[in-house]
Amino acid sequence: MERNKRELLREMKNATDYASWRGAAERLDQLEGWDQWCEDDTSHDYDWRLIRARLRQVRQYRSEGQIAKLVHHLRQGLHWNLGNSGNPRLYQFARVGTKRLIHEYVGEIARTLQFLSELDSPEWPHAAKLKFFDEVSQSYGRSALMLSGGATLGLFHVGVVKALFREGLVPSVVSGSSAGSVVCATVATREPHEVEELLEPESAYYHFWRMLPLRDMLRNRSVMDQNQLRKAIEANVRDWTFEEAYARSGRVINITVSPAGFNQPPRLLNHLTFPYLYLQEAVLASCAVPVIFPPVMLMTQNEQNQRVPYMPLLRWNDGSLKSDLPILRMRRLHNVNHFIVSQTNPHVLPFVSRRGPGDGGALDAARGYLFSTVRDQAKSLIDLARYNLPFGGVRRTLDLGSSILNQEYRGNINILPDVTLWRYANVTSNPDMGAIKRFMLEGERATWPRIEMIRNQMLIGQTLTECLERVERGSAARLAPMGKVRPDLHLIRVRESG
């Protein structure tokens with residue numbers, strides 16, 4: 001038995017695709033008896049009685065054709081993390097998935113929503129259907145993928161996105177800071193059929209770094225050649241505005257930038273807040289780490305569709321300095337309540353636990369408490385100093401330190417790379433193709449153990465979005481013959497601006 005375990009663990013470690021990894025992981029779960037744990041509904045980690053009862057009611061109402069009861073039942077009872085079914089601890093036992101009851105519940109709800117969106121019945125008029133899906137989508141919320149900064153470590157993000165894309169699990173809302181902004185904007189400025197090819201190592205341009213001669217360093221007050229960075233961004237990111245990117249790809253791109261001066265907050269750039277800004281300069285600014293690159297002036301499209309400077313007196317730099325993961329802003333703008341985070345920021349990784357909350361026992365809890373205490377004390381001392389210093393270089397450095405300490409660097413699901421001294425030493429160097437492939441594969445392998453957790457936590461939200469879009473298309477088709485909606489227009493959901 002031990003020999004079989006070692007062989008299966010070796011298969012998982014050396015797997016190059018999710019199907020192979022999952023096959024070995026499922027056999028190992030069976031060997032260790034975790035498949036029986038999955039079959040047993042009971043657990044102290046979620047309200048299994050509630051989930052079982054609601055699953056039984058949905059199946060009963062649907063089989064009996066009681067549409068009014070089914071709709072009423074879902075309208076009041078469909079919420080994310082119902083009965084704590086999204087508890088990360090439920091995914092700490094079996095290597096693939098969790099309790100069968102949770103998988104059945106999520107799948108049944110998704111099938112029922114699809115059934116209701118397609119149902120044409122006098123008992124279920126179109127206006128009621130549109131109202132139901134609009135309100136439930138709003139109350140349920142949706143997921144977002146957040147890609148942190150990380151310089152060359154950001155190649156890990158490409159593997160994460162690749163693993164999610166191949167399983168149909170890349171959320172429609174994505175954000176990126178610094179290196180993460182490159183990956184975010186590259187993927188979100190492509191049609192779905194173009195993304196698969198783009199995620200192959202040979203299909204993108206990865207030479208972002210070129211050190212300047214000493215004379216140019218002194219003149220530009222930066223170490224690296226920003227023209228080389230711009231060349232790499234232009235090779236990967238299409239020259240669209242945020243509004244154009246959203247209209248063409250259907251993905252909500254969010255890029256964070258930090259002010260280079262005082263009296264400006266960090267900005268979250270997207271099609272709602274800055275629709276006419278160009279993506280390429282936004283990404284360039286988000287990657288402009290102070291000292292490494294000079295700050296950047298953003299560019300916008302004016303009313304004559306000309307490319308012009310946006311607020312020419314302002315300059316912007318690295319988005320991860322003050323807003324690596326803009327969780328609060330994205331909650332408000334895009335109705336996001338579930339965050340998948342790929343975290344590669346070099347100054348963050350040593351301090352981010354790979355365990356979920358409460359998974360490490362008393363020792364891990366004590367370690368977390370100690371770290372939080374030290375961080376709070378350090379922030380208090382920095383704030384005391386910065387509030388008593390005049391504006392200047394020291395004050396700016398303290399502002400930056402306070403911002404870094406004050407951020408939250410974790411989401412609901414966190415995907416982290418391994419940290420080595422070699423990677424830190426090469427964080428600002430151009431990797432060869434072998435290193436690119438290894439790091440991307442590491443991103444995939446780090447994502448595979450979380451695939452079923454992500455699938456369960458996203459499926460209902462994804463289904464609601466698809467159903468609402470289907471019903472809205474039906475609304476447009478009903479209005480078109482009366483001349484109220486042109487065939488080439490689509491309905492805009494006002495709820496996204498909330």
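A residue counts as buried when its relative accessible area is under 20%. In this predicted model, F132 and F133 both fall in the buried class.

**Aromatic pairs**
- The structure holds nine aromatic pairs.
- In one of them, the rings of F132 and F133 have centres 5.0 Å apart and planes at 85°, so the arrangement is edge-to-face.
- The pair of F274 and Y310 is also edge-to-face, because the ring planes stand at 85°, with the centres 5.7 Å apart.
- F274 belongs to the loop between β4 (267–269) and α14 (279–286), and Y310 to the loop between β6 (307–309) and β7 (316–317), so this pair ties together parts 36 residues apart in sequence.
- F274 is buried at 15% relative accessibility, and Y310 is buried with a relative accessible area of 18%.
- W34, W37 and F93 form a cluster linked by ring pairs.

**Charges over rings**
- K99 sits over the face of W37, 3.9 Å from the ring centre.
- R307 lies over the face of Y278, at 3.9 Å from the ring centre.

**Helix α20**
- D432 caps the N-terminal end of α20, with a side-chain oxygen 3.2 Å from the backbone nitrogen of G434.
- The buried residues of α20 include I436, F439, M440 and L441, and also E442 and E444.
- Among the elements covering the buried residues of α20 are α8 (155–166), β9 (413–415), α19 (421–425) and α21 (451–479).

**Salt bridges**
- The count of salt bridges is 31.
- Within helix α1 (residues 2–14), E2 and K5 are three residues apart, about one turn of the helix, and they form a salt bridge whose closest N and O atoms are 3.8 Å apart.
- E2 is partly exposed at 49% relative accessible area, whereas K5 is buried at 18%.
- R3 and E7, four residues apart in α1, form a salt bridge with closest N and O atoms 3.4 Å apart.
- R3 is exposed at 59% relative accessible area, and E7 is partly exposed at 32%.
- An α-helix has 3.6 residues a turn, so residues three or four places apart point the same way.
- E194 and R238 form a salt bridge at 2.9 Å between the closest N and O atoms.
- E194 lies in helix α10 (residues 192–198) and R238 in the loop between α12 (226–236) and α13 (242–249), so the pair ties together parts 44 residues apart in sequence.
- A network of salt bridges links E39, R59, R62, R100, E104, E108 and R111.

Notes: Residues numbered from 1 in each chain as written. Predicted model: local features only at pLDDT ≥ 70, side-chain atom pairs only at ≥ 80, totals over all residues. Heavy atoms only, no water. Phe/Tyr/Trp six-rings, centres within 6.5 Å; stacked < 30°, edge-to-face > 60°. Buried < 20%, exposed > 50% of the residue type's maximum accessible area, 1.4 Å probe, protein only. Helix = DSSP H or I, 4+ residues; strand = E, 2+ residues; numbered from the N terminus. Lys NZ or Arg CZ within 6 Å of the ring centre and 35° of its normal. Contact = heavy atoms within 4.5 Å. Polar contact = N/O pair within 3.5 Å; in protein donor to acceptor, adjacent residues only side chain to side chain. Salt bridge = Lys/Arg side-chain N within 4 Å of Asp/Glu carboxyl O.
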